[in-house]
Amino acid sequence: MRPLLDEAFLRRLSRLRFLAKSQRGGRLTGHHVSPRVGMSIEFADYREYRPGDDLRYVDWNLYGRLEKLFVKTFAHESDLPVYLLVDASASMQLGGSPKATYAAQLALALSYLGLRSMERVGLYPFADRVLSNLPPRHGMPQLGRIYRALSDLTFGQDTLMDKVLSEFVSATKESGLVIVIGDLLCSLHMKEGLSRLLYRGDDIVFLQVLAPGEIEPQGGGLSRIVDVETGKHVTLNLGRSTLEEYKVRFEQHQGELRSLLHELGVPLFTLPTTRPLERVVFEDLREGGILR
Amino acid sequence: MRFLSPAALYLTLSSLAIIVLALLRSDIRRREVAALFLWETLPSEPRSSSIHLRRLLDPLLLLQLVCLFLLVAVLAQPVLSSRVQRISALAIVVDASASMRTVRDDGSTCYDAAIERALEIVDESPAEYTAVVFLSSRTTLTTHETVSKAPIRSDLSASEPTWNGDGTSDDLVNALSAAGGVDRFDRIVFISDRPLEDAPGTVETFAVSGGDNVALTAFSVRENVGSSGATAFVQLVNSTDTYQDIEVVVSDGHTQTSLPVLLSPGVPERVIVPFPASSGSTFTTTLETDDAFAGDNTRYFALDRALDLRVWWIGDTNQYLWAALRASAPIVEAGSPDTADVIVVYDAQVPATLSGTILLVHGEIVDEAELAADVAGGPVRASGVDSPLLEGVEPADLYVTGLPGDVRVPNDATVLLEAASIPLLVTWKTQRHEAILISTTLDATNLPITVDFPILIRNVLSAVVRLPAELSYDTAVVGEPVPLSGYGTIERIEAAGGNLVADTLRVSEAFYPDRPGLYTVYSSRGVFPIAVNISPTESSAVQSADDASSPASTYGLADRQYWRSLWPLLVALVLVLLVAETIVRNWKLVRRRRGAQG
């Protein structure tokens, strides 16, 4: 797999940044305003001096007028940890142009975008569990690590989203922007995991990558339908009515997914692999309020 | 169309195996999906009963079957019949002798007319196999195993007449034998300016004739005895219908003499041309006439010069043997055995290391030829071995009174004459020398008083050196071999004007001149002129009129059925179909892969 992005696209990406819906603390200075006061250039408030405070921040003018010691506090511009959860289940290898490639390119683009805007970006490939983790870090060297991790992805078996999300919450202590990239053609039993993330204060975005044949299957004839993740299969003589029935069932699945995520306030973007990556980033994610 | 190996058609039954395999082949396509739950419990389409028919109509299967049938057809060797007017084998024999250079009234030569006629015959008698024979004293043959006329026409058009003499019926039969034999040919056409004697009965002769000819048919010169100069002997033939007042010119290269002659029509005339001022050794005679064949208006002659025979004598002198040697050739005594042409060993013994030609008369070679004490002899008889040494020798005229009781010679020696069952004349060769042994002394035979003795000695010497020819009108003839034995080691042969004809590397035992003229042989023994003329037969009366209208016999030009092999076409078709099958296969794979993405 070679999730390569062309240079012009990367230059355009550098003009974008993630837009977080909530503000939360971060360890390093970033582009997101943190509710925690600290050392930054943007003045926030005064508070009474307490022993141990840094005397450099004592406002002596105010002491001259009020004869009380106050120290200046500053609004802390915090960085936003961006967690990329990339589906590495066997089903991602399907498609004429594999969904995994598309997902990797998308993840790489978002990583670049985040790292350019001084965010910390981490990568968590998953299948039935979190397969590996690349904790969020600053700087462009992290892009190289993410690139290598995406290139060396080992695809697992089936997808257990609930378990994955729970493992992810346990593995990370800091809330951030959690971007889940996968086909989401799995059991929708993930409400608990999502709730834990939301409770921690994470922003969650689902990017559903689908092959065109999954949205509108073609072909016909006697077929052995094999689940690439479980190996189970059914034999069907595919015809127009069967495929129409499939589409109904697919739409039903998508509806359930949308309603689940909508209920939790989690945005979902369904992206066929035929949709150009630039349109996804500059149109879909911007219009969806994920990027600005 | 028919098949040469129809049994191979049974292989078409193997198509059943392909069909059975196609029917047995699972038609279930594998389709990998991300989530089986979306497909489970979907209603399956009812399977149509026409599915087997559709499978049989699978283009891949049909292509495979067609390929199989074509390959089987190839193995069965299909041929397509076609009928053409053609004969099986045609032989075109064109007289390529010198007389075919005769100019006709229309300015073309007889050879041109012959070739034109031959081309017409090629067109009117297309054959599967054509032999083109250019008949002369050195006949050439080319064969064309093709129905295409182009190479035959090219062959004929590119040919030229030779300066050779006429070919004979034997030459023709021999040439046709090399092409499969006379009987192989449905039609044999001979185009010539004169009929072929004793030609096979199946030969059709087409005559071409040229214009009037006056010819020199013989020329010889002999040096005057007792006075200077020479005398030329010239024979002329007037083949025209009128008297011809012509002039014969004889030249020795420096001076010339001429003689006017009135020639009667059709009568050979012999004239003697005195040439008192001549001092040369090569002569040319020319006929001052403007006739149709210029090739016989000049003839050449070279005086034959005898070579000195270098003799090294060992043993007693014998006057009879000396006399016989001198009768054969001018004799000089050699300075050493190494420079001798012949070493004569008379009643003596020599070492085996001696090299060259050794004539032993009651002589011995140590450890090689040894003679026992003499015993009573008897009549001489030939052992039956054919040898040039005995040419002109009559053994019955010879008698031996005594000869060695035992003659020990090498095992591979050839006994030519015997007396009292004891070898009398024996020859053998070793790596060092060639030996001729007369096992007894001449005194014990009647050899010295018989004419056979000088003949025998001359035969011995003629194998060693070139002996002078007797006065003769016969000179070397174009196209026939000129023997080179006896000239010593040949260095080169030049034609008139110094053109190199052959050098040491190319000279063999004989030299074949390809045109008339004066040639010069340069050898270790000197410089020798050789006169080469066209054959006198080329000047004999030619046929008076063309006779190309009615063939002597009918020939088998008929509707003939030919079979053209079709397998290359079928193989090409199979290759095209295999490519098509590959394309269809890939196209189906791509389509299936796309379908499987769902």
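## Where the two chains touch

Two residues are in contact when heavy atoms lie within 4.5 Å. In this predicted model, the contact between the chains takes 39 residues from chain A and 24 residues from chain B.

The size of an interface is often given as the accessible area lost when the parts come together. Here, about 2,900 Å² is buried between chain A and chain B. Carbon and sulfur atoms give 62% of that area.

## What builds the chain A side

H8(A) gives the most, with 9 residues. By residue type, this side of chain A divides into 14 nonpolar, 15 polar and 10 charged.

## Links across the interface

What kind of links does the rule find between the chains? It finds 7 residue pairs in polar contact across the interface of chain A and chain B, both residues at pLDDT 80 or more.

E9(A) is joined by 5 bridges to strand E2 of chain B, residues 29-33. The two strands run parallel. At one position, A:Asp227 stands opposite B:Val33 in E2(B).

## Salt bridges

Side chains of opposite charge can pair when their charged atoms come close. Over all chains, the count comes to 25 salt bridges. One of them joins A:Lys191 to A:Glu263. Their closest N and O atoms are 2.7 Å apart. A:Lys191 lies in helix H6 (residues 191-200) of chain A and A:Glu263 lies in helix H8 of chain A, so this pair ties together parts that are 72 residues apart in sequence.

## A hairpin in chain B

Chain B has its own strand E10, residues 244-251, and strand E11, residues 256-263. They run antiparallel and are joined by 8 bridges. Within this pairing, B:Val250 has B:Thr257 of E11(B) as its bridge partner.

How many residues sit between E10(B) and E11(B)? The hairpin has 4 residues between the strands. In the turn, B:Gly253 has a positive phi of about 95°.

## How confident is the predictor?

The complex gets an ipTM of 0.77 and a pTM of 0.47 from the predictor. Chain A has a mean pLDDT of 82, and 88% of its residues reach 70 or more. Over residues 22-40 of chain A, though, the pLDDT is below 50. That stretch has 77 contacts in the model beyond near neighbours in sequence.

Chain B averages a pLDDT of 83, with 89% of the residues scoring at least 70. Its residues 548-557 stay under 50. For them the model has 24 contacts beyond four places in sequence. Where pLDDT is low, the predicted coordinates should not be read in detail.

Note on methods: Residues numbered from 1 in each chain as written. Chains lettered and ligands numbered in written order. Heavy atoms only, no water. Buried area = accessible area lost by both parts, 1.4 Å probe. Polar contact = N/O pair within 3.5 Å; in protein donor to acceptor, adjacent residues only side chain to side chain. Nonpolar A, V, L, I, M, F, W, Y, C, P; charged D, E, K, R; others polar. Pairing = 2+ DSSP bridges. pLDDT = per-residue confidence, 0-100. Salt bridge = Lys/Arg side-chain N within 4 Å of Asp/Glu carboxyl O.
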